[in-house]
Structure formats: structure tokens, C-alpha cells
Amino acid sequence: MTSGGDAPGLNAVIRGAVLAGERTGGHSFVGFRNGWKGVVEGDTTPLSRHEVKGINKLGGTILGTSRTNPNDHGGADRVKEVLADAGVDALIVIGGEGSLAGAKELADQGVPIVGVPKTIDNDLDGTDYTFGFDTAVGIATEAMDRLRTTGDSHSRCMVAEVMGRNVGWIALNSGLAVGAHLILIPERKTSMDEITHYVKGAFDRGRAPLVVVAEGFQLASMDEAYSTLGTDAAGRPRLGGIGTMLAPMIQDATGIESRATTLGHIQRGGTPSAFDRVLATRFGMAAVNAAVAAQWGHMVSVRGTDIVVVNLSEAIGSLKVVPPERYDEAALLFG
Ligand code: F6P
């Protein structure tokens, strides 16, 4: 099953698991539809070699996803009942921090679960990378290369908002790739004075300033991330709009005409990069091995170039934030 926000590569995990499982152990698979919702409702769909043909290139998830929390719908008892009825010996949960935390709780109560880490934000501890991140960085980089040429033509400051609820990995990597004049991330509060300094500095050198901002960024004067869209199904504030808030503030402070673009879900949609397809396929294959070895309560992970298996508690204990030294390294090129 796939759970939480989608990420390019989900289908490649599914295909990797099904092909490897059928070939190596003669195992058979079903997919639960729409995340934990489908699990607690016992909503399955067949998953054989036929259904997964060619889907490694496909964005989204053929199974659908949701942010349903199984612990609000009968918890471990209900999940065990559904698995028994469906003749399922192991549940592979492909999800981000929230979904894996739910999976850990169930595994602790005896549900046979193996996790696969997923998020475009790349904020999960316990793995060097999650699939979807490389694709998101690629899409953001391409979009900002485009913003630069229109910004240059008009001598404007362009503000590009990327995803990143709690961490700034997408902003940092796409910002470095595109040569941004300022990168603003959730891990580092920044004042309007600092922002003005870098934007004016770039403009005064004859450049059209490009500012990359992660959706979870906060000005030094803010107490929480910018959110005007209510909460999501998991009760978290829906983010998005900080770039649109900042652009007029930058224009007022610098006198430089400014425009904002929010990249939003474009970063999550469409075909996965080659890197993400490979990582996701290897994760899917390794998840089947972990299930065969009854490594319940564990997840697959990448360390360097090796796929390893780690306890789920390693992934949900804390977030993988951008270390200060990585931000400072990038900041040497600001302005
Ligand atoms: O967790 C990944 C993420 O892309 C965050 O960066 C973002 O805040 C969130 O998903 C948005 O998800 P949705 O709009 O699907 O609720």
C-alpha cells in the first residue's frame, strides 16, 4: 500500500516488489487501495506481473493514496483481521514519516509490516535518500532556469517557492543547481534586512535576483510557517504562499520589481527521474526480502549505494534537517 503525499517512484517500488517476489519466491501480491483507508476497509486490487507492466516510468501511484490514520479506524486488531481475511502474510507500507509512524505502532502490536521510506522532502532519518526527491529537485531546477531568463529580461527579482514543510533540502539543492542569489529554508530563520542585503547586492551587480524559498520558511519575525489554507487530513497546517507574501515585501524594501511563483504539486507529479526509478525499484525488491526474512517493524533504506534494513524507529525519531554547515556553504554564494 502507498500512503501520504505521493512521490515520483511509488509505482517503481510496487513493480520492483511484485517482479522480485514472483520470480525469487513465487509470492503473490494484492494492493490495498488509497493508503490505510483501503487497509481498514479491506479494499484490495490484484497485483501481478501483468498489472505492474511498465509502471516504473509512471508518476503517482496506481494504488491511490490517502492520509488516513489506521489507529483512528480500529488499529492493529482491524488490520490483522483484514490481512487474515485477504490471506496476506506481510504488509509493505510505502510512506513518509506519518505513515511509517503509524506502521511502527501497528508492528509493535504484532502486525507483520515492512516499511519503504518515501517523501519528496527527503526529510526522513534512517536513509540517505528517499525516492521522489531527485525528481522534485530536477523539476524545480528546470522551472527556475526558466524564471531566470524572464527575470533577466525585465530586471526583476523572481521569488520561487518550492516544497519543504520542515526541511529545506529541495530549496538547497535546486537553489545551488540554478545559482540562486538567496535560499530560504525552514531550518534558518532570516530577517527582512538580510533578505534585502542579498537581493540588492545581486541587483547592484547587474543581476536579476532569484530567491528560492521553501514553503516552511519563517521570517525572523514569524512564530510559525505561513499557512492560510486550513489543515490537511492529518491535522497539519496546509502550507504554501510564503513566496507570494515575500515578493511584495522585497519590492517595498528594495524598490526592485518582484514576482513570485509557487511550484507546488508540479514538483510531485509526472515521470520519476532515472535515479528515483532505480532507487525505488531496489527498495521494492529489498522490501520483499525483508518480508521473507520476517523483519517486521523495519524498513529498507539506502546507505551510500547499499540498500540496507533499519528499524522503523530510526526513521521516525527525528527529521533529517539541513545541517547548519551545509547552509553556510551554500550561503557563501548568496548575493
Ligand atoms: O510531505 C511532502 C509534501 O510535499 C510537503 O512538502 C507539503 O507540505 C505536503 O506534502 C503537501 O501535501 P498535500 O497538499 O498533498 O497535502
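Taken over C-alpha atoms, the centres of domain 1 and domain 2 are separated by 33 Å. Domain 1 covers 10-132 + 272-314 and domain 2 covers 136-268, with bounds that come from an automatic or database domain assignment. Their contact, meaning heavy atoms within 4.5 Å, takes six residues from domain 1 and 14 residues from domain 2. This is a predicted model, in which local features need pLDDT of at least 70 and side-chain atom pairs count only at pLDDT 80 or more, while totals for chains, interfaces and linings use all residues. Residues are numbered from 1 along each chain as its sequence is written, and side-chain values use heavy atoms, with hydrogens and water left out.

Several polar contacts, that is, pairs of N or O atoms within 3.5 Å, involve oxygen atoms of the ligand: a side-chain N or O atom of H265 is 2.8 Å from one, a side-chain N or O atom of R268 is 2.9 Å from one, and a backbone N or O atom of G164 lies 3.4 Å from one. Taken alone, the ligand exposes 400 Å², of which the protein buries 81%, the areas coming from the Shrake-Rupley method with a 1.4 Å probe.

Methods:
A polar contact is a pair of N or O atoms within 3.5 Å; within protein, one must be able to donate a hydrogen and the other to accept it, and residues adjacent in sequence count only if both atoms are side-chain atoms.
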